[in-house]
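Good morning, and thank you for making the time.

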Amino acid sequence: MIRMLSGEHITVRYGNCTVVDDLSFQLSEGEWLMLAGPNGAGKSTLIEAIAQGVPYSGSIRWNQDDIRTLKGARLAQRIGVLSQKNNVSYAYTVEEVVSLGRYAYKAGLFSGRDDPGKALVEKALEMTGLTELRHASMLTLSGGETQRVFLAQVFAQNPQVLILDEPANHLDLKYQKHIFSLIREWLNEPGRAVLSVVHDLSLARHYGSHAVLMDHGKMISRGTINEVMTPAHLQQVYGMNVYEWMREMLSQWQFEGENQSFRQA
């Protein structure tokens, strides 16, 4: 299996505060790596480090290359990042924002046509259900619609690795399922991998192949999703019996007078 992205001994400090503490990970082709843990675990900060948004010690590599040595456009052709916070203060249209995902492929301001890029923009709009909103102003969209626009933007970017910080943030249940299904469909293509922060442990278990469980900046466990999401590991991190809590919540969805629970979609 081809290793695509890896980190060794990553540490991020703000003054005397260590937010990510000597953490290592690896991501190979076809894998969906979930970063899990409570608030303040350092998950989003780790993503910022991978995106070169914060200084860090240690190394992050694309294949064998330290990503610090990759120019911005070359890195953007390999790694697409969807952050939690995406604000638009100008009246760009949905299509204009999605098209910005093609910026890394332009040789310059007055570069030629990007016909493959136009096709990818069309596909991204269709996949995310935004075709009918393509001419709408970003200033008129709901939070969920805005999140879908920026997911479409990274789809149009056509990277090899998607890095997603709470991709279902602000989305209702219908679009949570839709977005995660789209990401899994995207991942089915050869030469791709996904790394994402997900607070919902049910989503992490259902869609993830691998996981890193974090707490206070430290890695508690890493491996396959079943190796990481054990009752003991989750008890250590969350300070509660997560399995019992999940079963209790699921029991509310039993049919009256029956013992059969709804199957997870």
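Before the first sheet, a word on terms: two strands are said to pair if DSSP finds at least two bridges between them, and strands (E, at least two residues) and helices (H or I, at least four) are DSSP runs, numbered from the N terminus. Please keep in mind that this is a predicted model, in which local features need pLDDT of at least 70 and side-chain atom pairs count only at pLDDT 80 or more, while totals for chains, interfaces and linings use all residues. Residues are numbered from 1 along each chain as its sequence is written, and side-chain values use heavy atoms, with hydrogens and water left out.

Let me begin with the open sheet of 4 strands, whose order is S2-S1-S4-S5 and whose pairing is antiparallel. Strand S2 (17-28) and strand S5 (65-66) stand at its edges, and each has a single partner strand, so one side of each is left without a neighbour in the sheet. Within this sheet, strand S1 (residues 3-14) pairs with strand S4 (residues 57-62) in the antiparallel sense over 5 bridges, and there Leu 5 has Trp 62 in S4 as its bridge partner.

I turn now to helix H1, residues 43-50, which is largely enclosed by the rest of the structure because 6 of its 8 residues are buried, where buried means under 20% relative accessible area, exposed means over 50%, and partly exposed lies in between, with a 1.4 Å probe and protein chains only. Those buried residues are Lys 43, Thr 45, Leu 46, Ile 47, Ala 49 and Ile 50. After H1 comes Gln 52, which has a positive phi, near 65 degrees.

What surrounds strand S9? Strand S9, residues 210-215, has 5 of its 6 residues buried, so it too is largely enclosed by the rest of the structure. With strand S3 (residues 32-36) it pairs in the parallel sense over 4 bridges, and Leu 213 in S9 is the bridge partner of Ala 36. S9 and S10, by contrast, run antiparallel and are joined by 6 bridges, with Val 212 standing opposite Arg 222 in S10. These two strands form a hairpin with 2 residues between them, and His 216 in the turn has a positive phi of about 50 degrees.

Ser 221 belongs to S10, residues 218-224, and counts as buried at 9% relative accessibility. Leaving out residues up to four places away in sequence, Ser 221 touches Ala 211, Val 212, Leu 213, Glu 227, Val 228 and His 233, contact meaning heavy atoms within 4.5 Å.
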